[in-house]
Amino acid sequence: MATRTFRITVRGVFDGLSNDQRSELLARAAEHDVLRAGFTPEGHLSYDIAARPAFTFRFQDSGEAEEDILEATERAEEAAKAWLSRRGYGYKNLKSSAEDLSQAPLGKRQRREAARAAVPKEAQ
């Protein structure tokens with residue numbers, strides 16, 4: 001059975017931050033800029049606290065079966081909650097979405113490469 005790659009996004013809103021917590025987030029904003037965002041096994045946090053209190057965690061996980069995406073989503077949510085709780089950051093409105101990359105449509109370049117791979121070498 002092939003391994004499936006899952007991308008999980010956990011979104012929420014910071015809630016009840018103290019002035020010190022807000023200052024800490026502002027000081028570390030460059031590390032959490034959306035332009036540096038990526039899907040990682042440990043999760044990547046992005047936010048722009050100066051603009052709005054929303055945040056996004058991006059996780060990458062894997063599984064053997066299609067149903068494994070549900071457990072991967074639960075792990076991602078728990079990891080996001082743990083990260084926030086360890087730092088004492090309040091949050092609300094957590095929502096998750098997940099994508100199984102094996103089910104994602106191919107992009108133009110991927111379709112072209114797949115078509116090229118399907119043509120026998122002697123025909124190329």
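**Notebook: pairs, rings and strands**

I looked up Glu 78 and Lys 81 in helix α2 and noted that about one helical turn separates them, because they are 3 residues apart. I record here that the model is a predicted one.

**Entry on salt bridges**

How many salt bridges does a search of the whole structure find? I noted 5 of them.

I checked the exposure of both partners. Glu 78 has a relative accessible area of 48%, so it is partly exposed. Lys 81 is also in the partly exposed class, at 27% relative accessibility.

I next looked up Asp 61 and Arg 75, whose side chains meet in a salt bridge at 2.8 Å, N to O. This pair links distant parts of the chain, as Asp 61 is in strand β3 (residues 54-63) and Arg 75 is in helix α2 (residues 68-86), 14 residues apart. For Arg 75 I recorded a relative accessibility of 40%, which means that it counts as partly exposed.

A further salt bridge joins the side chains of Asp 15 and Lys 92, with 3.9 Å from N to O. Why does this pair tie together separate parts of the chain? Asp 15 sits in the loop between β1 (4-14) and α1 (19-27), while Lys 92 belongs to strand β4, so the parts that are joined lie 77 residues apart in sequence. I found Asp 15 partly exposed at 35% relative accessibility, and Lys 92 partly exposed at 38%.

**Entry on the whole chain**

I then turned to the order of the elements. The chain has 3 helices and 4 strands, and from the N terminus on they follow the order β-α-β-β-α-β-α. Of the 124 residues in the chain, 26% are buried.

**Entry on strand β4**

I examined Asn 93, which lies in strand β4 (residues 91-100). Asn 93 is not a glycine, yet its phi is positive, at about 60°. Leu 94 is in strand β4 as well. Is Leu 94 buried or partly exposed? Its relative accessible area is 25%, and buried means under 20%, so Leu 94 is partly exposed.

**Entry on aromatic rings**

A pair of aromatic rings is described by the distance of the centres and the angle of the planes. I recorded 7 aromatic pairs in the structure. In one of them, the ring centres of Phe 55 and Phe 57 are 5.8 Å apart with planes at 80°, so this pair is edge-to-face. Phe 57 and Phe 59 have ring centres 6.0 Å apart and planes at 20°, so they are stacked. Phe 55 and Phe 57 are buried, and Phe 59 is buried too. I also noted that ring pairs link a cluster of Phe 14, Tyr 47, Phe 55, Phe 57, Phe 59, Trp 83 and Tyr 89.

**Entry on surface charge**

Which residues form a positive surface patch? I listed Lys 108, Arg 109, Arg 112 and Arg 116. Arg 112 belongs to helix α3 (residues 108-118), and its relative accessibility of 44% places it among the partly exposed residues.

Methods. Residues numbered from 1 in each chain as written. Predicted model: local features only at pLDDT ≥ 70, side-chain atom pairs only at ≥ 80, totals over all residues. Heavy atoms only, no water. Patch = residues over 30% accessible without salt bridge, like charges linked within 9 Å, V, L, I, M, F, W, Y side chains within 5 Å. Areas by Shrake-Rupley, 256 points an atom, 1.4 Å probe, with all protein chains shown as cover. Salt bridge = Lys/Arg side-chain N within 4 Å of Asp/Glu carboxyl O. Lys, Arg positive; Asp, Glu negative; His and termini not counted. Charge placed at Lys NZ, Arg CZ, Asp CG, Glu CD. Helix = DSSP H or I, 4+ residues; strand = E, 2+ residues; numbered from the N terminus. Buried < 20%, exposed > 50% of the residue type's maximum accessible area, 1.4 Å probe, protein only. Phe/Tyr/Trp six-rings, centres within 6.5 Å; stacked < 30°, edge-to-face > 60°.
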